[in-house]
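Student: Could you walk me through this structure, starting with the strands and then moving on to whatever else stands out?

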Amino acid sequence: MSYTGDGGEVSGVWRPVGGVETIERPLVRNRLVAPGDVTRGRFGLFDWRMGPRAGGPRPHFHRTFSESFYVISGAVRLYDGDKWVTGTPGDFLYVPEGGVHAFRNDTDEPASMLILFAPAPPREKFFRELAEIADSGRELSAQEWAQFYARHDQYPA
């Protein structure tokens with residue numbers, strides 16, 4: 001992915017806050033700051049804001065991408081595959097491909113973090129589809145959930 005040109009090029013991508021897609025859920029606000037289609041597939045960057053007691057996903061892993069978490073505010077419980085730790089502003093967790101991880105907000109205060117996916121899988125499709133399932137009231141069978149997660153490279157630990 002090295003640049004081989006002799007001179008620089010005009011290739012920056014400016015995304016003002018008003019142009020960033022946001023997925024609003026009752027307890028979570030997910031701003032798709034830089035999905036893969038913006039970064040040429042190199043990474044995805046989401047701004048994840050959780051309300052009090054928002055919970056989070058169960059421990060899981062991904063086969064094709066790493067995931068990193070940078071806590072901006074509040075206290076975020078992060079699972080590194082071995083133990084749960086409490087991340088506070090400035091704390092960082094990197095999880096390579098295959099690494100078991102999870103996160104959640106168990107406190108009575110809001111919390112926020114940046115989530116970085118690399119290379120950039122289409123995680124925005126995962127979160128959009130998850131919201132659509134919840135909004136529709138559809139109930140998926142265990143097999144349908146397994147297929148949904150596998151389609152989005154997410155496997156239970």
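**Strands, core and pocket**

Tutor: Strand 1 and strand 2, the latter being residues 28–34, pair in the antiparallel sense over three bridges, and the bridge partner of Ile23 in strand 2 is Asn30. Strands and helices here are DSSP runs numbered from the N terminus, with at least two residues (E) for a strand and at least four (H or I) for a helix, and two strands pair if DSSP finds at least two bridges between them. Please keep in mind that this is a predicted model, in which local features need pLDDT of at least 70 and side-chain atom pairs count only at pLDDT 80 or more, while totals for chains, interfaces and linings use all residues. Residues are numbered from 1 along each chain as its sequence is written, and side-chain values use heavy atoms, with hydrogens and water left out.

Student: What order do the strands take in the open sheet of six?

Tutor: The order is 1-2-3-10-5-8, with antiparallel pairing. Strand 1 (22–24) and strand 8 (92–95) stand at the edges with a single partner strand each, so one side of each has no neighbour in the sheet. On average, neighbouring strands of this sheet are turned by 15° against each other, direction ignored, where the axes are lines fitted to C-alpha atoms (for helices over the stretch in contact) and angles between N-to-C directions run from 0 to 180 degrees.

Student: How many bridges join strand 5 to strand 8?

Tutor: Four bridges join them, and the two strands run antiparallel; the bridge partner of Ser68 in strand 8 is Tyr94. In a regular strand the side chains alternate between the two faces of the sheet. Strand 8 has a covered face with Leu93 and Val95, and an uncovered one with Phe92 and Tyr94.

Student: Is Tyr94 buried, partly exposed or exposed, then?

Tutor: Tyr94 is partly exposed, because its relative accessible area is 44%, and the scale calls a residue buried under 20%, exposed over 50% and partly exposed in between (1.4 Å probe, protein chains only). Tyr94 touches Ser66, Glu67 and Ser68, not counting residues up to four places away in sequence, and contact means heavy atoms within 4.5 Å. The C-alpha atoms of Tyr94 and Phe69 are separated by 6.5 Å, although these residues are 25 residues apart along the chain.

Student: And which strands make up the open sheet of three?

Tutor: That sheet has the order 7-6-9, again with antiparallel pairing. Strand 7 (84–87) and strand 9 (102–104) are at the edges with a single partner strand each, so one side of each is left without a neighbour in the sheet. The twist averages 25° from one strand to the next. Strand 6 and strand 9 pair over three bridges, and Leu78 stands opposite Phe103 in strand 9.

Student: Switching topic, which residues touch the most other members of the largest nonpolar core?

Tutor: Of its 25 residues, Trp48, Met50, Phe69, Val76, Phe103 and Met113 touch the most other members. The elements giving two or more residues to this core include strand 3 (44–50), strand 5 (66–73), strand 10 (111–118) and helix 1 (123–136). A nonpolar core is a set of buried Ala, Val, Leu, Ile, Met, Phe, Trp, Tyr and Cys residues joined through side-chain atoms within 4.5 Å.

Tutor: The peptide bond from Ala118 to Pro119 is cis, with omega near -15°, and Pro119 is found in the loop between strand 10 and helix 1. Most residues other than glycine have a negative phi, and most peptide bonds are trans. Arg40, in the loop between strand 2 and strand 3, has a positive phi near 60°, and Asp153 has a positive phi of about 55°.

Student: Last one: what volume does the largest pocket have?

Tutor: Its volume is about 910 Å³, and the lining has 34 residues, of which Gly56, Pro57, Phe126, Leu130 and Tyr149 lie nearest its centre. Helix 1 gives the largest share of that lining, seven residues. On a 1 Å grid over the protein atoms alone, a pocket is an open set of points where a 1.4 Å probe fits, with protein on both sides within 12 Å along at least five of seven lines, and lining residues have an atom within 4 Å of a point. Grid points are joined across faces, edges and corners, and the volume is the space filled by probe spheres set on the points.
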